[in-house]
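I opened the model to look up a few things and kept short notes. The entries follow in the order in which I looked.

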Amino acid sequence: MATAALAHAPAHKHHTSTGLDSTKIAIWAFIGSECFFFASLISTYLIYKGRSLVGPFPHEAWTNPATGEVMKPILNIPVTSFSAFVLLMSSLTMVLAHSAVLRGDRKFSKIWLLSTAALGATFLGMQAFEFTSFVHEGLTISTNLFGSTFFVLTGFHGAHVAAGVLWLVTLFFIDNKRGLGPRDAINVDVCALYWHFVDVVWIAIFALVYLIK
Amino acid sequence: MEHHAQLDADHQTHVDWKTYRWVALVLLVFTIVEVWLYYLPSFAQSRWFVPTILIIGVIKFAIVVMFYMHLKYDFKLFRALFVGPLTVAIAILISLLFLFGKLSIHAAG
């Protein structure tokens, strides 16, 4: 009984001057700082866009100096569009997971948490496929300015997705072990905010890097 | 904490499954439109392509932030913590694009 009570005890019961939970204030402040981080990477990408001296290029055909063969633009829009769709759907499953935790619905909280982690892992798999195919086509981080800025920007985003997947899997195991109830909703909410932020960053990257020529 | 959880729950019960479903659908439609425009050669080469893609991107961004991140219903402090840095970050980004010649203003005459 005591163990069960401890398991469901609030993680940190304290008074704050704002009346708001410190964890949530902290995650919003962190997300605010992440805006600067990704804005710096995006601006670096945009500044160096079109300044690569050698191919491959993102949206233009290029001639391979070794073979003389004319190569297609390197970005694979259909694959990336599907990745964007996967990440958007993961935001839906995330809000459903949070909603299930608020209701105390253990069955669906587990289903939606695991679905979100699976969609995140799918996104990472597709990014790994994209990176691998780029390397096979001759684009690495040191090939040209496009390669350097592209891999750094999308790589850091992928690292954020990977951290989010780990966070979601951890929440799933906690839910599986002792159950997440309405009192734990704040912990899932914080994870959800991070996850949605990763999604909105991808919305920006998808438009600015992949679609705009 | 319980008080905080209650405050959060009060703020987040404004959004229900129906809203989430509509938001997902709208996001999906906007993404399809973005990709469709990319593959329309006449439009993709016109001067309207970039502004249209940017506007759709901004709408998608705002929808996720307002409904999925609950900023539309949440406390003003959270809104300030996000919108403040985001505004400064975008201003810096645009300033850098001007500084490095990626954007320019052509004076008439």
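**Entry: a buried lysine.** I began with B:Lys60, which counts as buried because its relative accessible area is 1%. Buried here means under 20% relative accessible area, exposed over 50%, and partly exposed in between (1.4 Å probe, protein chains only). I then looked up its partner. The side chains of B:Lys60 and B:Glu34 form a salt bridge, 2.8 Å from N to O. The term covers a side-chain nitrogen of Lys or Arg within 4 Å of a carboxyl oxygen of Asp or Glu. B:Lys60 sits in helix H4 of chain B and B:Glu34 in helix H2 of chain B, 26 residues apart, so I noted a link between distant parts of the chain. B:Glu34 has a relative accessible area of 0% and is therefore buried as well.

**Entry: ground rules.** The model is predicted: local features need pLDDT of at least 70, side-chain atom pairs count only at pLDDT 80 or more, and totals for chains, interfaces and linings use all residues. Residues are numbered from 1 along each chain as its sequence is written, chains are lettered from A and ligands numbered from 1 in the order written, and side-chain values use heavy atoms, with hydrogens and water left out.

**Entry: confidence.** I checked the scores next. Chain B averages a pLDDT of 86, and 83% of its residues score at least 70. pLDDT is the predictor's confidence in each residue, from 0 to 100. For the complex, the predictor gives an ipTM of 0.86 and a pTM of 0.88. I kept one caution in mind: where pLDDT is low, the predicted coordinates should not be read in detail.

Entry: How many salt bridges does the structure hold over all chains? I found five. One of them pairs A:Lys24 with B:Asp74, at 3.0 Å from N to O. This pair joins two chains, because A:Lys24 lies in helix H2 of chain A and B:Asp74 in the loop between H4 and H5 of chain B. Helices (H or I, at least four residues) and strands (E, at least two) are DSSP runs, numbered from the N terminus. Are the two ends buried or exposed? A:Lys24 is buried at 1% relative accessibility, and B:Asp74 is buried at 3%.

**Entry: a pair within chain A.** A:Asp184 and A:Arg178 meet through their side chains in a salt bridge of 3.4 Å, N to O. A:Asp184 is buried, with a relative accessible area of 5%. A:Arg178 is partly exposed, at 29%.

**Entry: chain B against chain A.** I sized up the interface. 50 residues of chain B are in contact with 55 residues of chain A; contact means heavy atoms within 4.5 Å. The two chains bury about 4600 Å² between them, 78% of it on carbon and sulfur atoms. Buried area is the accessible area (1.4 Å probe) that two parts lose on being put together, summed over both. Between chain B and chain A I counted one salt bridge and four residue pairs in polar contact, both residues at pLDDT 80 or more. A polar contact is a pair of N or O atoms within 3.5 Å; within protein, one must be able to donate a hydrogen and the other to accept it, and residues adjacent in sequence count only if both atoms are side-chain atoms. On the side of chain B that touches chain A, H1, helix H2 (17–38), H4 and helix H5 (76–99) of chain B each give two or more residues. Which element gives the most? H5(B) does, with twelve residues.

**Entry: A:His59.** I found A:His59 in the loop between helix H2 (22–48) and strand S1 (62–63) of chain A. A:His59 counts as buried at 13% relative accessibility. Its side chain reaches the backbone oxygen of A:Val209 at 3.3 Å. A polar atom of that side chain also lies 3.2 Å from the backbone oxygen of A:Ile212. Leaving aside neighbours within four places in sequence, the contacts of A:His59 include A:Pro73, A:Leu75, A:Tyr210 and, from the other chain, B:Tyr38.

**Entry: the two domains of chain B.** Chain B is divided into domain 1 (2–74) and domain 2 (75–109); the bounds come from an automatic or database domain assignment. Nine residues from domain 1 and six residues from domain 2 make the contact. The domains bury about 630 Å² between them, 72% of it on carbon and sulfur atoms. I counted zero salt bridges between them.
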